[in-house]
Amino acid sequence: MSPLRTLLPCLLAGLSTLAFAQNAAPEAKKDWNAQYVLGPDSQEKANIPKGTVSKFHLDDSKTFPGYGRDWALYVPAQYDGKKEACLMVFQDGGGYVNLKGNWRVPTVFDNLIAEGKMPVTIALFINPGFAPDKQNPTGKGKDGKPLGKSNRSFEYDSVTDKYVTFLLEEMIPLVESKGYKISKDPKRRGIAGASSGGICAFNAAWQRPDAFSKVFTTIGSFTNIRGVISKGKEVGGNQFPQMVMDSPKKDIRIFSQDGSHDLTNEFGVWPEANQKMADAWKAKGYDYQFILGEGTHDGRHGGMLLPEAMKWLWRDVR
């Protein structure tokens with residue numbers, strides 16, 4: 001047999017393989033968050049008393065002048081006004097109050113409170129400040145979002161006491177002005193958030209442990225966001241691990257979550273930043289839980305963990 005007749009089948013096979021490779025569909029990107037699904041405590045249950053949700057708008061703020069915001073209030077069915085309620089504050093509140101989203105806080109609270117797994121707790125949901133475009137205050141961009149300026153990073157990522165001051169001097173008194181009795185005992189107050197809202201929640205308790213002692217932080221942005229934005233003029237959240245190590249232990253309980261496929265960008269590496277926070281809490285003897293899953297910068301794992309986090313954070317309060 002001639003060398004050409006021997007080589008020809010090999011060439012044809014190679015060309016066939018190349019054509020298949022060129023025409024084959026690209027490999028689907030894995031959804032690392034698909035494994036995280038909501039459990040029974042995040043679903044509506046029969047014969048469980050349902051709390052009420054009321055929605056409001058704050059036109060302006062003394063702490064952050066020029067920025068208004070939407071906010072909402074969940075009041076459990078068991079609250080009768082005879083006793084002060086516990087309080088849980090949620091940043092980026094619109095996502096947490098949504099009954100069809102990742103979090104479904106009103107449903108989770110209905111279930112856990114009715115089952116005696118957490119105390120009677122009012123939830124305060126607060127969106128970050130927003131200033132509409134003065135030239136087109138009702139206009140929307142191509143993405144469908146309102147035109148204007150968000151104050152989210154300045155409020156949430158800043159390592160100062162400004163945001164917790166806003167909570168204590170404006171938002172909580174606003175709730176109380178509607179006739180609700182809120183405990184001032186820090187052991188009966190918690191605060192939560194995701195991403196920049198996650199560092200915001202911890203920072204609020206860190207700055208004022210006399211006001212908040214329980215923190216639920218997910219995919220927390222403990223990275224150098226404000227440092228980069230301000231070109232070094234502001235302290236970034238990446239400084240928190242050393243701050244925790246250098247300071248006396250504070251009376252704060254933390255439930256923290258992140259995913260190994262979380263963000264990496266010019267501000268830092270989110271999984272590493274959250275691990276460093278957990279290491280600092282451990283070294284200083286904090287009462288904490290840190291769960292590192294496989295997820296991305298997404299709320300599905302945190303939403304799945306919400307009932308567990310609430311039971312753990314509130315385990316000694318009724």
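Is Phe 154 buried, exposed or partly exposed? Phe 154 is partly exposed, with a relative accessible area of 34%. The model described here is predicted.

**Nonpolar cores**
- The largest nonpolar core has 47 residues. Leu 124, Leu 167, Phe 202 and Phe 212 have the most contacts inside this core.
- A second, separate core has 29 residues, including Leu 112, Ala 192, Ala 309 and Trp 314.
- Beyond its neighbours within four places in sequence, Phe 202 is in contact with Val 215, Phe 222, Phe 240, Val 244, Ile 254, Met 277 and Trp 281.
- In soluble globular proteins, nonpolar side chains tend to be buried together.

**Aromatic pairs**
- The whole structure holds 22 aromatic pairs.
- One of them joins Phe 64 and Phe 154 edge-to-face, with 6.3 Å from centre to centre and 85° between the planes. Phe 64 is in the loop between strand 1 and strand 2, while Phe 154 is in helix 4 (residues 152–157). The two residues are 90 apart, and their pair links distant parts of the chain.
- Phe 64 counts as buried because its relative accessibility is 3%, whereas Phe 154, at 34%, is partly exposed.
- Trp 281 and Tyr 288 form a tilted pair, with 6.0 Å between the centres and 50° between the planes. Trp 281 has 0% relative accessibility and so counts as buried. Tyr 288 is partly exposed, at 24%.
- A cluster linked by ring pairs is made up of Tyr 74, Phe 90, Tyr 96, Trp 103, Phe 109, Phe 125, Phe 216, Phe 255 and Trp 312.

**Charges over rings**
- Arg 253 lies over the face of Trp 312, a member of that cluster, at 5.9 Å from the ring centre.
- The charged end of Lys 250 sits over the ring of Trp 206, 3.8 Å from the centre of that ring.

**Positive phi outside glycine**
- Asn 47 has a phi near 65°, a positive value, and is not a glycine. This residue lies in the loop between helix 1 (3–23) and strand 1 (52–58). Asn 47 counts as exposed because its relative accessibility is 82%.
- Lys 231, also not a glycine, has a positive phi of about 55°. Its place is in the loop between helix 7 (225–229) and helix 8. With 77% relative accessibility, Lys 231 counts as exposed.

Conventions: Residues are numbered from 1 along each chain as its sequence is written. This is a predicted model: local features need pLDDT of at least 70, side-chain atom pairs count only at pLDDT 80 or more; totals for chains, interfaces and linings use all residues. Side-chain values use heavy atoms; hydrogens and water are left out. A nonpolar core is a set of buried Ala, Val, Leu, Ile, Met, Phe, Trp, Tyr and Cys residues joined through side-chain atoms within 4.5 Å. Buried means under 20% relative accessible area, exposed over 50%, partly exposed in between (1.4 Å probe, protein chains only). Contact means heavy atoms within 4.5 Å. Helices (H or I, at least four residues) and strands (E, at least two) are DSSP runs, numbered from the N terminus. Rings of Phe, Tyr and Trp (its six-membered ring) pair if their centres lie within 6.5 Å; planes under 30 degrees apart count as stacked, over 60 as edge-to-face and the rest as tilted. A charge sits over a ring if NZ of Lys or CZ of Arg is within 6 Å of the ring centre and within 35 degrees of the ring normal.
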